[in-house]
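Dear colleague,

Please find the structure below, together with its sequence. My findings follow after it.

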Amino acid sequence: MVVNLLKAGKRLFVPSCSKTKLTELEIETLRKCPTTKSIFYHSDNDAEVTDTLKKVNEYWIEYDLVGCTATITVGVSFDVVGHFDFIVLDARNALGPCPRDVIQMIRRVRHSSGDLKFSMPHHMMMKCERKHTYTLINDLHDENKEKIEIMKASIKKSSENRQHIEPCVETSL
């Protein structure tokens with residue numbers, strides 16, 4: 001999904017629940033989208049990358065893709081309206097950060113032009129900030145569509161700045 005969006009000229013913010021998955025994404029985008037300007041934040045960053053967090057409004061506008069783990073939560077706010085076309089939550093690691101940290105990661109970008117997209121494993125429980133729990137089971141079969149709609153409505157309520165929320169249940173980005 002991320003590679004296709006980048007090839008279509010979209011700019012993305014990708015919070016990831018896994019450093020391993022984020023590193024895989026970094027390698028994949030370098031291989032498949034070599035002209036894409038990107039930066040990735042995780043626990044192994046050097047001081048040069050970490051220092052860019054002090055002025056994200058100045059640095060992130062230079063990038064087509066910004067990826068991060070829960071290394072970035074509160075205290076970082078990207079306020080440039082319209083720079084990122086999509087926020088793509090990589091929630092493929094069920095053992096990653098707690099739900100509150102996931103919500104904090106998503107909200108580092110205050111304004112996106114489009115959808116909030118999800119990449120989730122086939123079996124995952126996601127507990128939203130308002131204490132609603134929804135389960136996505138297997139692919140988008142008819143019996144799961146109602147659960148997807150309930151989850152979309154709940155997340156949309158808790159994310160007033162988002163125009164449209166559309167989960168994309170996939171095993172890979």
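How far is the sulfur of Cys17 from the closest cysteine sulfur, and in which residue is that sulfur? The closest one lies in Cys68, 9.7 Å away, which is too far for a bond. A disulfide is a pair of cysteine sulfur atoms within 2.5 Å, and the structure holds zero of them.

Please note that this is a predicted model, in which local features need pLDDT of at least 70 and side-chain atom pairs count only at pLDDT 80 or more, while totals for chains, interfaces and linings use all residues. Residues are numbered from 1 along each chain as its sequence is written, and side-chain values use heavy atoms, with hydrogens and water left out.

Both cysteines named above may also be described by their burial. Cys17 counts as buried (under 20% relative accessible area, with a 1.4 Å probe and protein chains only), because its relative accessibility is 9%. Cys68 is buried as well, at a relative accessible area of 0%. Across the protein chain, 47% of the 173 residues count as buried.

As for secondary structure, the protein chain has six helices and eight strands; these are DSSP runs, numbered from the N terminus (helices: H or I, at least four residues; strands: E, at least two). Their order from the N terminus is α-β-α-β-α-α-β-β-α-β-β-β-α-β.

Finally, consider contacts (heavy atoms within 4.5 Å). Of those in the protein chain between residues at least 6 apart in sequence, 72% join residues at least 24 apart.

Yours sincerely

Methods: Buried < 20%, exposed > 50% of the residue type's maximum accessible area, 1.4 Å probe, protein only.
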